[in-house]
Amino acid sequence: MTTMTIGPTSEKTPAPPKLNPPERLLFGPGPSNPDPRVLQAMTANQIGHLDPYFVELMDQVMRSLRGVFRTANHHTLPISATGSAGIETIMMNLLEDGDSAVIGVAGYFGHRMAEMARRAGADVRVVEVPSGQTLDPAQIDAELKKKPAKLVGFVHAETTTGACQPIAPMVEVAKRYDALVAMDCVTSLAGLPIDLDALGVDAAGSCSQKCIGAPPGLGPISIGPRAMQAVQARKSKPHTWYLDLALLFQYWGEERASRSRAFHHTAPIAMIYGFHEAMRLILEEGLEARWARHQTAHEALVRGLDKLGISLFPAPADRCATINVVNVPTGVDEAAVRRRLLGMGVEMSGGLGVLAGKVWRIGVMGYNAQIPRVERFLGALEEALRAEGWKAA
Ligand SMILES: *Cc1c(COP(=O)(O)O)cnc(C)c1O
């Protein structure tokens with residue numbers, strides 16, 4: 001008998017080296033460093049995802065998440081995938097073929113939301129402003145006056161430009177035309193003031209790894225009653241199985257129903273443990289205190305950057321405390337500074353799209369929004385700048 005070998009067999013693949021990731025201070029646009037308590041929680045005993053303990057934990061996580069979003073929306077849960085999947089869940093369920101949507105675009109993530117809405121089958125009209133600016137609600141009003149839309153979408157904290165969109169005026173204009181309001185709060189939930197119900201936002205999506213302070217892997221969303229009515233009134237099923245809200249709530253538990261759980265997918269148990277602990281930390285601290293902590297850390301960062309002669313890209317009134325987009329000082333090789341900084345164990349990011357090479361993106365989020373950590377970041381940045389030939393003015 002002859003044996004034929006096609007390529008290496010599994011026995012011949014050598015075992016890879018042991019995992020040994022370096023320690024990093026994560027001041028990029030995400031992920032941020034999780035609180036040690038979150039990482040600890042993720043190592044708790046594994047149980048089955050339909051174990052009564054886990055089912056109770058799912059309910060608890062939904063309750064906590066409602067607290068973090070400041071909403072009474074029953075339909076509030078973490079999608080088992082990153083923040084992008086949360087936003088896509090909203091677009092794929094609220095919109096269907098033939099619907100009309102107006103998406104405000106102030107940067108890369110606005111474009112991405114528009115693309116998701118198109119893929120959901122909607123006729124999308126984009127209202128765009130130049131990088132670094134925020135949308136003027138009057139532009140949205142003008143677009144809706146021309147032709148109504150089922151949904152108005154926008155990004156609260158545009159991570160590519162560092163500009164923060166005031167929420168209330170956007171909701172006001174959308175409601176004037178009876179449109180649903182969808183918001184990307186991926187870089188703001190648990191870092192910037194958000195009160196979903198008081199604001200009247202119909203659907204919002206965030207992520208686990210930025211201001212919430214857990215590792216990446218979950219996309220928390222909240223869908224209000226007006227939006228759920230639209231979901232229930234769909235003419236066709238969403239063009240997605242994994243992100244179908246109707247199926248997801250047969251698993252996570254539908255209000256008033258028997259609350260029996262139908263298997264949909266296996267919830268990422270360890271991620272949910274970590275997320276639960278992150279929610280616990282947020283609610284222990286209190287949202288107001290947490291928002292204030294992010295603001296204080298941001299102000300300390302801006303003061304330190306100012307001493308280094310580094311200015312912020314957006315105008316003062318438009319800045320997000322959580323994501324600081326700053327102008328690269330003239331005469332320095334921006335990529336070399338970032339490389340050197342990373343060599344010192346500190347991460348920040350470069351610009352995306354039209355801002356590539358022109359700006360750095362410095363996130364001050366979650367556990368990192370503390371003065372000593374901001375000071376460590378500033379000290380390392382100054383050292384990296386000097387090492388790259390930069391001189392204080
Ligand atoms: C980070 C980010 C996303 C993407 O989130 P992921 O968790 O990476 O999928 C979406 N929108 C905004 C505004 C972001 O900053």
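# Briefing: the ligand site and selected features of the chain

The ligand sits in the largest pocket, where a pocket is an open set of points on a 1 Å grid over the protein atoms alone, with protein on both sides within 12 Å along at least five of seven lines, and a molecule sits in one if more than half of its atoms lie within 2 Å of its grid points. This is a predicted model, in which local features need pLDDT of at least 70 and side-chain atom pairs count only at pLDDT 80 or more, while totals for chains, interfaces and linings use all residues. Residues are numbered from 1 along each chain as its sequence is written, and side-chain values use heavy atoms, with hydrogens and water left out.

**Surroundings of the ligand**

- The ligand is surrounded by 14 residues, of which the closest are Thr 82, Ser 84, Thr 159, Thr 187 and Lys 210; a residue is near if one of its heavy atoms lies within 4 Å.
- Five nonpolar, six polar and three charged residues make up this shell, with Asp, Glu, Lys and Arg counted as charged and Gly counted among the polar residues.
- Helix H3 (83-94) and helix H4 (108-119) are the elements that give two or more residues to the shell, helices being DSSP runs (H or I) of at least four residues and strands (E) of at least two.

**Polar contacts and burial of the ligand**

- Oxygen atoms of the ligand lie 2.5 Å from a polar side-chain atom of Ser 84 and 2.9 Å from one of Gln 209, each a polar contact (a pair of N or O atoms within 3.5 Å).
- A nitrogen atom of the ligand lies 2.7 Å from a polar side-chain atom of Asp 184.
- The protein buries 88% of the 390 Å² that the ligand exposes when taken alone, with accessible areas from the Shrake-Rupley method and a 1.4 Å probe.

**Aromatic pairs**

- There are three aromatic pairs, defined by ring centres within 6.5 Å, with planes under 30 degrees apart counted as stacked, over 60 as edge-to-face and the rest as tilted.
- Phe 27 and Phe 377 form a stacked pair because their ring centres are 4.9 Å apart and their planes are at 10°.
- This pair links distant parts of the chain, 350 residues apart, with Phe 27 in the loop between strand S1 (25-26) and helix H1 (36-41) and Phe 377 in helix H13 (residues 371-387).

**Backbone features in loops**

- Gly 30 and Pro 31 are joined by a cis peptide bond with omega of about 0°, and Pro 31 lies in the loop between S1 and H1.
- Arg 70, although not a glycine, has a positive phi of about 55°, and lies in the loop between helix H2 (52-69) and strand S2 (75-79).

Technical notes: Polar contact = N/O pair within 3.5 Å; in protein donor to acceptor, adjacent residues only side chain to side chain. 1 Å grid on protein atoms, 1.4 Å probe; cavity = no way out; pocket = protein on both sides within 12 Å on 5 of 7 lines; lining within 4 Å. Phe/Tyr/Trp six-rings, centres within 6.5 Å; stacked < 30°, edge-to-face > 60°.
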